[in-house]
Amino acid sequence: MFSLSLDFSKYFRDKLSFSSGELATQSNGSTVVFYGETIVLVSACMDRHPKDDCEITPLTVDYMEKTYAMGKIPGGFIKREGRPKDTEILCARLIDRPLRPFFPPGLMNEVQIVAMVLSSDGINDPDVLGINGASCALLISDIPFYTPVGAVRVCKREKDFIINPTYQEREEALFDMVVAATMDNIVMIEGDFNEISEEEILEAIKFAHPAIQEVIKLQLEIKEKIGKPKKEVPLYNIDREFINKIKDIVYPLLDKIYGLVKKEEREDEIDKIISQLQELFKEDSKITPFMINKSFYEIEKEFVRDKILKDGLRPDGRAINEIRKIECKVGVLPRTHGSAIFKRGQTQALAVTTLGTSSDEQLISELEGEKYKHFMLHYTFPPFSVGEVKPLRGPSRREIGHGTLAEKSLLPVIPDKESFPYTIRVVSEILESNGSSSMASVCASSLSLMDAGVPIKEHVAGIALGLVQNNENYKILTDIAGVEDHYGEMDFKIAGTEKGITAIQLDVKNEGISFSILADSLKRAKEARNFILSKMKEIISTPRSMVSPYAPKIKSFKIDIDKIGEIIGPGGRVIRKITRENNVIVDINDETGIVSVVADNDSNLERAVKEIINLTKEVNVGDIYEAKVIKITNFGAFCEILPGKVGLLHISELSNSFVRDPYDFVKENEIIKVKVINIDEQGRISLSKKQAD
């Protein structure tokens with residue numbers, strides 16, 4: 001076994017170690033990463049035989065968290081792990097995205113990376129270790145992967161940046177961000193922020209980069225010691241001679257369709273061009289349909305990029321900083337609690353908000369423990385949104401990733417449970433897509449939340465930027481469409497309010513972007529975001545004053561924890577009586593003393609709330625109450641002044657005049673006004689009607 005450690009106290013609180021040669025030795029390359037008592041094993045394997053007709057490098061990344069890593073047994077009936085949880089899928093994507101650009105173009109051999117969390121200390125997150133371990137495993141393997149990638153998490157508490165913070169530090173931080181980079185450039189960013197400025201984010205990324213460089217140096221040192229020679233594998237290379245042969249045919253045809261606004265019109269024309277090429281070369285057995293398709297798209301890529309770089313013209317005719325036409329609507333569905341449509345060009349999102357009770361909260365079980373979510377955003381991408389025919393299955397990795405990004409974008413403006421006691425679920429249905437549907441989901445969801453009467457602090461909008469670069473010459477594209485995403489170097493999604501950024505996701509397809517491009521992109525995104533926010537505010541600028549009449553009625557309030565027993569009563573009799581007589585649901589948090597009452601209508605709700613509050617009130621001498629006479633005796637009457645609180649109204653306190661018989665002055669079930677005149681040491685309450693009168 002070979003092991004190396006990084007003990008660089010300027011950046012890391014714990015020692016970061018890599019080892020190889022002891023575990024998973026039959027893989028092409030494997031690395032075990034240690035940080036604190038968190039340990040991650042990452043293996044990389046490559047199929048010996050290339051696949052036929054692959055559009056992109058067939059890379060698969062899987063990330064697995066087993067409960068044994070925390071010394072636990074899985075809950076439920078089946079005592080073993082099943083399908084990957086959302087957190088595992090998100091971590092797998094986090095590993096995949098910074099590594100994918102560095103496989104050689106044309107690699108057709110399937111590559112699989114598997115990251116397994118062997119031990120979790122509940123302090124350090126294993127996801128960043130997975131990125132570093134995967135890069136190291138590929139680097140020391142015989143798989144053709146040559147450029148190491150490093151990653152760290154960075155957050156800010158008060159005025160200090162922290163590299164690889166603990167879970168607790170992240171909870172207390174102003175933002176939480178993962179940065180992946182090479183020695184020179186940034187290749188991936190994933191982060192959520194509490195309305196942070198562009199300048200502060202850029203400062204944090206610059207702070208993280210030197211620490212990443214140290215991680216990369218460690219990987220290179222391991223490669224030098226134990227790295228395997230790289231395999232010679234066949235790479236699919238497009239025949240440049242054939243490309244040059246058809247280029248003169250294709251370029252004039254592309255010139256005619258360039259600038260078409262509608263994606264489907266452009267695609268129809270492209271299909272015609274490809275059909276002409278196939279007809280032209282149908283007699284040549286060496287020219288396959290796959291070869292024609294690949295060659296055409298290579299020519300189209302060159303054409304699109306040349307037009308943007310030289311002329312500043314985009315495929316749909318827009319200027320490089322121009323946003324497509326925006327259309328917004330709210331209240332589009334009559335029976336839902338809130339709904340909105342946001343359309344930008346040919347990307348359209350329908351967002352629907354549903355309000356529920358605390359019983360609708362989602363229980364999240366992770367290695368570091370369990371938690372409840374009261375705000376959820378789910379993203380769906382049906383095939384009809386891009387005019388395709390595909391079977392409908394469960395949510396894809398992409399759908400889970402996009403939904404999580406939109407959820408993070410909106411979370412900073414979502415009210416807490418105490419001020420708005422609802423569980424909130426938003427579903428974003430992508431009805432049409434041509435670029436940046438996740439950011440359209442952010443905009444539509446913000447509109448839908450306001451339509452539902454959720455008191456969000458302010459609107460959140462999102463924008464996606466692209467990049468076309470040739471050496472030092474580059475163009476940043478605002479509001480990228482699908483073809484620009486496909487042929488460009490960058491997909492940079494930024495969401496936020498007028499005050500600042502709430503979420504970022506950056507992916508690149510080249511060897512990374514410089515800090516100057518990063519700074520220019522953030523500045524451009526701010527301008528675009530503010531423009532979109534202004535359009536959204538024209539439709540609805542503040543949340544509706546009331547929730548939908550179809551939403552449940554909920555009221556939450558806090559009581560003294562010592563009073564919980566009085567609400568529940570002996571054997572639960574009191575709380576059952578309240579729920580039965582008022583047709584409500586009562587939920588009490590034993591730890592916080594928060595009581596939530598749910599009802600179908602306002603009258604039942606207010607009546608139940610009043611009863612519960614009365615149960616928790618202290619009875620004080622001198623207070624006057626509306627009391628119910630529950631029993632009359634020859635020496636007076638017993639009256640209930642509060643639920644469960646009964647006092648004696650003595651015959652001498654019934655009236656200023658002579659009282660021969662209490663029945664002459666009060667009747668059972670009558671409501672009378674009484675005053676508390678004494679509470680003895682045993683807690684017995686004495687009442688007076690004449691003093692109250």
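One definition before we start: two strands count as paired if DSSP finds at least two bridges between them. Keep in mind that this is a predicted model.

First stop, a hairpin. Strand β14 covers residues 362–366, and strand β15 covers residues 369–373. They pair in the antiparallel sense, over five bridges. Two residues carry the chain from β14 to β15 in this hairpin.

Next, a sheet. Three strands form it, in the order β22-β24-β23. It is open, and the pairing is antiparallel. Which strands stand at the edges? β22, residues 553–558, and β23, residues 584–588. Each has a single partner strand, so one side of each is left without a neighbour in the sheet. From one strand to the next, the twist averages 15°.

Now the β22 pairing. Six bridges join β22 to β24, residues 594–599, and the two run antiparallel. Here S556 stands opposite S596 in β24. A helix goes with this sheet too. Helix α14, residues 602–616, lies across β22, β23 and β24. It runs at about 15° to β22.

Last, the cores. The largest nonpolar core has 155 residues. Which residues have the most contacts inside it? M177 and F342. Helix α4, residues 198–226, gives the largest share of this core, 11 residues. Beyond its sequence neighbours up to four places away, M177 touches residues including V152, V154, I189, F193, I201 and I205.

Methods: Residues are numbered from 1 along each chain as its sequence is written. This is a predicted model: local features need pLDDT of at least 70, side-chain atom pairs count only at pLDDT 80 or more; totals for chains, interfaces and linings use all residues. Side-chain values use heavy atoms; hydrogens and water are left out. Helices (H or I, at least four residues) and strands (E, at least two) are DSSP runs, numbered from the N terminus. Axes are lines fitted to C-alpha atoms, for helices over the stretch in contact, and angles run from 0 to 180 degrees between N-to-C directions. Contact means heavy atoms within 4.5 Å. A nonpolar core is a set of buried Ala, Val, Leu, Ile, Met, Phe, Trp, Tyr and Cys residues joined through side-chain atoms within 4.5 Å. Buried means under 20% relative accessible area, exposed over 50%, partly exposed in between (1.4 Å probe, protein chains only).
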